Amino acid sequence: MADIKLLWVDDEIDLLRPHVIFLEAKDIEVKTTNNGDSAIEMVKNESFDLIFLDEQMPGLSGIETLNMIKRLYPNLPVVMITKSEEESIMDEAIGAKIADYLIKPVNPKQVLLSIKKIVDKKRLITEKTTANYQAEFRKLGMMISDSLNYSDWIDVYKQLIYWELELSRSSDSAMDEILKMQKTDANNTFARFIKQNYEDWFSRDFEDRPMLSPDVFKHKVFPMLKNDDKVIVLIIDNLRFDQWKIIQPAIREMYNVDNEDVLFSILPTATQYSRNAMFAGLMPSEIAKLYPKLWLNDDEEGGKNLHEEELLEKQIKRLGLGHQFNYEKITNSKSGKKLVDNFNNLLNKQLSVVVYNFVDMLSHARTDSEMIRELASDEAAYRSITLSWFEHSSLKEFMTKAAEKKIKIVITTDHGTIRVNNPIKIIGDRNTTTNLRYKAGKNLSYKAKEVFEITKPENIYLPKSNMSTSYVFAQNEDFFAYPNNYNYYVNYYKNTFQHGGVSLEEMIIPLITLSPK
């Protein structure tokens, strides 16, 4: 615990000399003073790691001294030491954001433990987290190698996210790199699994395959409406499972998590396909066949997600259900605020579906804006911005109102996103799709071993613009680049978040059921 500098403020500081000697023997530098005024001057002129502050002193009281120190340095940890156990004093001290408090008489070990909890916490957490991950590393590697079905892969991905979040709270960059390598290995193995199994999922019963995009309303949402409960479905475009985990603590203030499920986004993991499939309860080629006016292929002009409300209405009618619903799409703060202001208008129907586009806009803005790329430089920063947005968003206000009205909520998304770094070359004609993670077109030229190729789109219920249309999907951190303008593509799109292809991050996505507290 070297290089820790402590200020101890107590009007009876001379009686605490044995404690000071004990701490100095632990390589902790201790400065002392017997009054609040002197303490404030010392804080102005010197740098301290933490302060021990007596609550009852003549002159400036401990609470008054604490408030003045916090005005100067809000993040400087202060431990309040008091003879009194009165609840009001403790409430006042805690309200002023003390880091800890001790009741007199204190013993040296109590003091040392408090210092460890505050100053040495980061190091202790790092060491413990690193040791725990090292112990689990081999076990997780075996899980990746032995994953034979979709349930195994759900477990693997949740484990990887758990350790990613744990290690992001520590300061061991070496372990971060090891985890990144393990995630890459997992994604490569997962891509092989998808190649071997994805097509088969469409010849199996629902019970023998994962929940896919078209299943969400039929198998998750509509059964919740049988008891006349009101339900709100929040579709947060582009929400990865790790982003759900980072906003979960803020949501738990309002809601209990009943089920933390996942679904698999269909391929391509792009909004046009996955979200239309979700609203329609059908695969893309089925939508194109049954409702040709509501589906546009990649090479056709026009918005690709303009008919979600109509598709959901048709799904409800096709299933013989009588549910009435509200539908809203939030694309900016103004429309989000309007939704909150008009919240009571949603109470007239049992089901409300709200699409929030912020996270998707964030990923696109990160591609186009150097400033946003700096702010969201990696996955941890990307999560942090997502949390900051949620904490100050109209979505949180909306959920608070829903909780007050005791309305259940389902949170899900259409697909996730992955940070791409590895360009692979592909050649196609001018009608080939522009997405960086998948291509649909005819006469595509690529190295088959580098992609997941589907030469018969009808086998996975994807529409064909012409008889020779095929689809190819990028895997892991790959992205497609054309040989002409190759360097431009690589420099512009490398280290950006993209979707459309095959990865754990894009395909295994949250499906969360919440009940109000």
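**Packing and buried residues**

Of the 517 residues in the protein chain, 53% count as buried (under 20% relative accessible area; exposed is over 50%, partly exposed in between; 1.4 Å probe, protein chains only). The model is predicted, so local features need pLDDT of at least 70 and side-chain atom pairs pLDDT 80 or more, while totals for chains, interfaces and linings use all residues. Residues are numbered from 1 along each chain as its sequence is written, and side-chain values use heavy atoms, without hydrogens or water.

The secondary structure comes to 20 helices and 18 strands (DSSP runs numbered from the N terminus: H or I of at least four residues, E of at least two). Along the principal axes, the C-alpha atoms of the chain fill a box of roughly 90 × 55 × 40 Å. Among contacts (heavy atoms within 4.5 Å) between residues at least 6 apart in sequence, 74% join residues at least 24 apart.

The part to look at closely is a pair of helices. Helix α6, residues 121-146, and helix α7, residues 150-168, have axes that come within 11 Å and cross at roughly 160° (lines fitted to C-alpha atoms over the stretch in contact; angles run from 0 to 180 degrees between N-to-C directions). This angle makes α6 roughly antiparallel to α7 (over 145 degrees; under 35 is roughly parallel, 65 to 115 roughly perpendicular, the rest oblique). The α6 and α7 crossing is left-handed (near helix turned anticlockwise from the far one by less than a right angle; clockwise is right-handed). On the α6 side, the residues that meet α7 are Thr 129, Asn 132, Tyr 133, Glu 136, Leu 140, Met 143, Ile 144 and Asp 146. Their partners in α7 are Asp 152, Trp 153, Asp 155, Val 156, Gln 159, Leu 160, Trp 163, Glu 166 and Leu 167. By class, the residues of this α6 and α7 contact are nine nonpolar, three polar and five charged (nonpolar: Ala, Val, Leu, Ile, Met, Phe, Trp, Tyr, Cys, Pro; charged: Asp, Glu, Lys, Arg; polar: the others, Gly among them).

A second pair can be set beside this one. Helix α10 (residues 241-252) packs on helix α17 (residues 379-391) at an angle of about 35°, with the axes 9 Å apart, and α10 passes α17 in a right-handed crossing. Asp 242, Gln 243, Ile 246, Ile 247, Ala 250 and Ile 251 in α10 meet residues of α17 that include Tyr 382, Arg 383 and Phe 390. The residues of the contact of α10 with α17 divide into seven nonpolar, two polar and three charged.

Two buried residues follow. Ser 213 lies in the loop between α8 (173-197) and α9 (216-221) and counts as buried because its relative accessibility is 0%. Leaving aside neighbours within four places in sequence, Ser 213 contacts Leu 263, Phe 264, Ser 265, Ile 266, Ser 274, Ala 277 and Met 278. Ile 509, in strand β18 (residues 508-516), is also buried, with a relative accessible area of 0%.
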